[in-house]
Amino acid sequence: MNLLLVGDIVGRPGRELVRRGLRTLIDAHSIDFVIANAENSAAGFGVTKDIGDTLLEAGIDVMTSGNHIWDKKEVIEYIKGEPRLLRPANYPAGVPGRGSRVAETGDGRAVGVINVMGRIFMSPLDDPFAVALREIESIRHRTRVIIVDFHAEATSEKMAMGWHLDGLVTAIVGTHTHVQTADERILPKGTAYLTDVGMTGPHDSIIGMEVEPSLARFLNGMPAKFEPATGNARLNAVVIEADERTGRATRIARISHSERELDELTKRSARASLPA
Ligand SMILES: [Fe+2]
Ligand SMILES: [Fe+2]
């Protein structure tokens with residue numbers, strides 16, 4: 001089974017990349033199931049029902065999130081009625097929404113998705129290491145294929161989670177820093193690992209936002225209004241191949257495509273499917 005995990009979708013440029021390129025990537029890599037982090041899809045801050053519904057229609061099976069999940073107030077109602085949108089599982093009991101889901105591929109094979117958030121340089125939520133084990137325990141009788149989106153800032157915390165869950169899940173992929181790391185590997189007990197999958201959005205930016213106000217905050221320390229940037233949009237993602245019998249990963253490969261590269265891929269696959 002091939003799974004695709006798409007890095008944080010930022011604003012309209014990120015959504016446009018998904019709209020233009022996701023189906024092509026699904027075809028090109030024979031993808032059975034798509035997970036995408038949607039926490040920045042509404043102008044960089046949160047997700048709305050309209051945007052979430054559009055992303056699901058574009059081919060995303062489960063949306064994960066992180067610290068920006070609550071930025072748009074309407075998400076509280078949306079997440080209550082949309083099980084395909086996850087928030088980190090280690091929010092305290094009683095918080096709306098859910099942190100894991102067992103979904104199905106188009107042909108009925110079960111896939112587990114767990115979303116947890118780190119605590120280093122972030123809000124002090126419940127212990128993500130304990131909560132991840134609890135969530136795995138609660139879904140592992142339904143599927144061996146389990147993907148964890150660990151939304152965290154610190155590389156050390158992410159690597160620690162990788163070793164903590166090695167052999168218990170198919171893959172642990174980091175999100176939140178919006179910068180793709182080059183350390184993809186399969187850990188000794190068969191869990192695929194990547195510290196951060198990166199960002200699907202404008203890369204001529206400071207982690208997705210316009211350079212000038214973001215830079216100004218570092219220069220003068222004053223609050224500023226942030227808008228998503230527009231230039232150099234790239235779709236960042238990772239493909240994970242899973243052995244369904246064991247739940248182990250057999251391959252992990254990073255993806256980073258510009259709009260032009262996605263369009264060329266689309267043209268090429270259209271040509272390939274023409275009758276000879
Ligand atoms: Fe993000
Ligand atoms: Fe985040």
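Hi everyone. Let me start with a definition: a donor here is an N, O or S atom within 2.8 Å of the metal (3.2 Å for Na, K and Ca), and because water is not among the atoms, sites may look incomplete. With that in hand, glutamate 39 bridges two iron ions, ligand 1 and ligand 2, which sit 3.5 Å apart.

A quick word on the ground rules. This is a predicted model, where local features need pLDDT of at least 70, side-chain atom pairs count only at pLDDT 80 or more, and totals for chains, interfaces and linings use all residues. Residues are numbered from 1 along each chain as its sequence is written, chains are lettered from A and ligands numbered from 1 in the order in which they are written, and side-chain values use heavy atoms, with hydrogens and water left out.

Glutamate 39 and asparagine 40 are both buried, meaning under 20% relative accessible area, with exposed being over 50% and partly exposed in between (1.4 Å probe, protein chains only).

Now the cores. A nonpolar core is a set of buried Ala, Val, Leu, Ile, Met, Phe, Trp, Tyr and Cys residues joined through side-chain atoms within 4.5 Å. The largest has 36 residues, and Leu4 and Ile60 touch the most other members. Helix H1 (11-28) and strand S3 (33-37) are among the elements that each supply at least two residues; these elements are DSSP runs numbered from the N terminus, helices being H or I of at least four residues and strands E of at least two. H1 gives the most, with five residues. Beyond neighbours within four places in sequence, isoleucine 60 is in contact (heavy atoms within 4.5 Å) with Ile9, Val18, Leu22, Val34, Ala36 and Leu55. A second, separate core of 22 residues includes Leu3, Phe33, Leu86 and Val111.

Serine 30, in the loop between H1 and S3, has a positive phi of about 50° although it is not a glycine. Serine 30 is partly exposed, at 48% relative accessible area.
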